Amino acid sequence: MNRPVFLLLLCFTCTCPLTAHSVIAQKTAADFLVNIRAASLQGDQAKVAAVCRDWYASGTCSPGELNWNYNAMIGLEPSALLITQNEEDTYPAWVLQYALNVRPDVVVLSLQLFDKEAYKSFFSTGPIPVPSGSNPKDLLQNLLLNQAERPVYLGVMLDKQLLETYQKNLYLTGLTFRYSTPPFDNMAVLRHNYEHLFLTDYLRQPLRPEPQPAKIAAMNLNYIPAFLSLYRYYMAKGQTDQATDLQQVTLQIAHAANREADVQAFFLPEKKDSFVSMVPARTFEKNMKKAGTHIWAAETETSNSQYELFLQDLLKNRDFEQLGKCKTVKTDWRALLAADQQNLSDAVLFENYHPDAANAPIQNISYDAAQLYCAWMTQVYNASTDKKKYTKVLFRLPTEAEWEIAARGGIDTISYPWGGHYVRNNKGCYLANLNATKPCGDCPDKHTVANDGGFFPVAVGSYFPNNFGLYNMAGNVAEMIQETGKAKGGSWQDDELHCQIPQVKKYTAPSPAIGFRVFMEVIAE
């Protein structure tokens, strides 16, 4: 049993009026709204049903609104009463009931409409006792008191003050609260709804164009309180795969509504209040390059020496649990070579740099370790009282879109970060550390064996930066992004095609070809 987190609910709940969808459909949608309201206020349920069927048949219903309302109703108990606030929040549910026969047993009741006497005639002969009172507070109280035999649910877009009034008896089950005076196991219901009943494909990747994407993005924020509760449940049960998948869905919802920074903070591991660091906070901002509105990217991939500072902090604070999660895995570099190259001398193999040296990129660590590193930077920076540029920031892995913007350096039509479509300059020198199968040309430093200067990862500041001043956005090590199992930019072991900006490198475990670059989001100046 898990109580709803009302601070989260009140932060993310958003009510959105149903508005027109296009210039052509605007009149049609407006007509349907006028007709359905008129039929409701006349108490003409048959006419309401007919308008709903016509509205759905017209194709002007919002797919996002229908999906949202489907998920709100589908997991309710049989013959439940669902109380909504505004009439606009109610009509899409009626369309599903009357046009598609989705949960016709559920009574969907709008408080805004219920103060109209004619609308009350919908219920005067049957499904619920008609309560007295005209203001929403009295109506809701009377409805709750007179439904002893019927399961009652409150929509999450109900007025915040009304929800707060009954907080101790409300249990979050998705896009609704179950009202119950005895304790109610809402987590079992929420989990079943999400895993077996909810439509989630439209949250991951919309399959139909949405006429008003900003409006639907705002509506979808209402999923987040339930999803965060379920995420914590999965983590507590050790179901990390389910937790990770749910985290990605939640972040996609937040990203669509420009609330990603707020939501990302909920997924950062909690740190001890007594955590002490000797690393000056301003060193974290020193080598950041602007890569978007309020977004900065580290000049280089995270290096072995930078990661070592993190491990030392964990050790000093005796945080052995985190140390266990963040330990590095020793790489047998020679074993990664072809048989005919394994007998090469160290002088040849590591001619320009050893991948285990301080300024080489960290690699062979887990996704969770990279996340914990970002959480450590965030905690140290925000808690520091030293002189620093910003009041509050969030260090994190980038989204795929943010990474590509940073890699392109302000130039949209390029294949590689240095601004072109080729991996070698006019002298034949390779411009990145990748799997170069052909020898370089007339380079000042001939690389007759490694071709591009490195068999393995080289120093993080090697080669030329892009227009934003970012090094090795292609090659060296592929860089983790927020989506688990995906890295961008290609690596020393990838050919030139797989180092192009749009390419994605998949991974399922720590790899000597995968590291990460930290992005910084400025939350407060």
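**A helix, then a sheet strand by strand**

Tutor: Helix α20 (residues 367–383) has 17 residues, and from its first C-alpha to its last it reaches 24 Å, close to the 24 Å expected at 1.5 Å a residue. The expected span is 1.5 Å times one less than the number of residues. Helices (H or I, at least four residues) and strands (E, at least two) are DSSP runs, numbered from the N terminus. This is a predicted model, in which local features need pLDDT of at least 70 and side-chain atom pairs count only at pLDDT 80 or more, while totals for chains, interfaces and linings use all residues. Residues are numbered from 1 along each chain as its sequence is written, and side-chain values use heavy atoms, with hydrogens and water left out.

Of the 17 residues of α20, 13 are buried, so the helix is largely enclosed by the rest of the structure. Buried means under 20% relative accessible area, exposed over 50%, and partly exposed in between (1.4 Å probe, protein chains only).

Now the sheet. Five strands make up an open sheet with mixed pairing, in the order β2-β1-β3-β5-β4. Its edge strands, β2 (107–110) and β4 (170–172), each pair on one side only. From one strand to the next the twist averages 30 degrees (axes are lines fitted to C-alpha atoms, for helices over the stretch in contact, and angles run from 0 to 180 degrees between N-to-C directions). Two strands pair if DSSP finds at least two bridges between them.

Strand β1 (residues 81–84) is joined to β2 by four bridges in the parallel sense, and Thr84 has Ser110 in β2 as its bridge partner. With β3, β1 also pairs in the parallel sense, over three bridges; here Leu81 stands opposite Val152. On to β5 (residues 176–179): four bridges join this strand to β3, and the two run antiparallel. Leu154 has Phe177 in β5 as its bridge partner.

In a regular strand the side chains alternate between the two faces of the sheet. Strand β3 (residues 152–155) is covered on both faces: Val152 and Leu154 are buried on one side, and Tyr153 and Gly155 are buried on the other.

Last, the cysteines. The structure holds zero disulfides, a disulfide being a pair of cysteine sulfur atoms within 2.5 Å. Cys61 has its closest cysteine sulfur in Cys52, 8.3 Å away, which is too far for a bond. Both residues are enclosed: Cys52 is buried at a relative accessible area of 0%, and Cys61 counts as buried at 10%.
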